[in-house]
Amino acid sequence: MGAYLPGDPVDNDHLEQRLGVLNGGSERLRARMLEANGIVTRHYALDERGNTTMLNEELAARAIRAAVQQRGLSLEDVGMLAVGTTQADLPVPGFASMVHGLVGGGPKEILTAGGVCCSGISALKAAEDAVRLDRHRVAVAAGSELVSRALRATRLETATRGDRRSAFG
């Protein structure tokens with residue numbers, strides 16, 4: 001198992017400093033939403049100015065490297081790389097191709113899985129099948145999402161068209 005979270009954790013008191021304020025914000029609604037969801041800190045691939053700091057493929061590659069290293073393997077040991085995401089950084093080539101380009105490790109079977117919430121599980125199932133069916137000795141599956149760039153208040157302001165909605169929850 002490997003994981004990667006970008007940037008330092010941002011607590012609820014500093015969300016608006018990182019993401020901005022949506023439509024002037026409603027402190028009461030914001031507090032109610034944050035209390036209801038129970039999330040205490042979040043990680044964003046955004047700097048203090050709202051600029052994206054990493055690509056989705058970079059997030060996946062870092063998690064994959066961590067998983068392979070934790071098992072005491074090298075990327076050359078991996079025969080299959082299955083990666084799922086809702087939205088890749090580019091429409092083509094496939095997300096797994098982009099991730100493979102970053103992690104390296106020589107030739108290997110790759111698979112890009114899509115499908116919003118099920119994309120990571122689909123990648124995991126494909127990797128499991130590859131090992132279980134003895135097509136590969138080692139397979140790696142990853143699920144990666146980069147929602148940060150869509151959460152900036154300036155982007156949400158346009159999407160809500162003046163409705164008084166909170167960006168945070």
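In this predicted model, strands β3 (residues 80–84) and β5 run in parallel and are joined over five bridges. Within that pairing, Leu81 sits opposite Val140 of β5. On to the next partner: β3 also pairs with β4, again in the parallel sense and over five bridges. Here Gly84 is the residue that faces Ala113 in β4.

Put together, these pairings give an open sheet of three strands, ordered β4-β3-β5 and parallel. The edges belong to β4 (109–113) and β5, each of which pairs on one side only. From one strand to the next, the twist averages 10°.

Now for the side chains of β5.

Helix α5 (residues 119–132) lies across β3, β4 and β5, and runs at about 165° to β3.

Then there is the largest pocket, which holds about 780 Å³ of space. It is lined by 32 residues, and those closest to its centre are Met1, Gly2, Ala67, Ala141 and Ala142. Helix α3 (56–70), helix α5 and strand β5 each supply at least two lining residues, with the largest share, six residues, coming from α3. By type, the lining splits into 23 nonpolar, six polar and three charged residues.

Conventions. Residues are numbered from 1 along each chain as its sequence is written. This is a predicted model: local features need pLDDT of at least 70, side-chain atom pairs count only at pLDDT 80 or more; totals for chains, interfaces and linings use all residues. Side-chain values use heavy atoms; hydrogens and water are left out. Two strands pair if DSSP finds at least two bridges between them. Helices (H or I, at least four residues) and strands (E, at least two) are DSSP runs, numbered from the N terminus. Axes are lines fitted to C-alpha atoms, for helices over the stretch in contact, and angles run from 0 to 180 degrees between N-to-C directions. Contact means heavy atoms within 4.5 Å. On a 1 Å grid over the protein atoms alone, a cavity is a set of points where a 1.4 Å probe fits but cannot get out, and a pocket is an open set with protein on both sides within 12 Å along at least five of seven lines; lining residues have an atom within 4 Å of a point. Grid points are joined across faces, edges and corners, and a volume is the space filled by probe spheres set on the points. Ala, Val, Leu, Ile, Met, Phe, Trp, Tyr, Cys and Pro count as nonpolar, Asp, Glu, Lys and Arg as charged, and the others, Gly among them, as polar.
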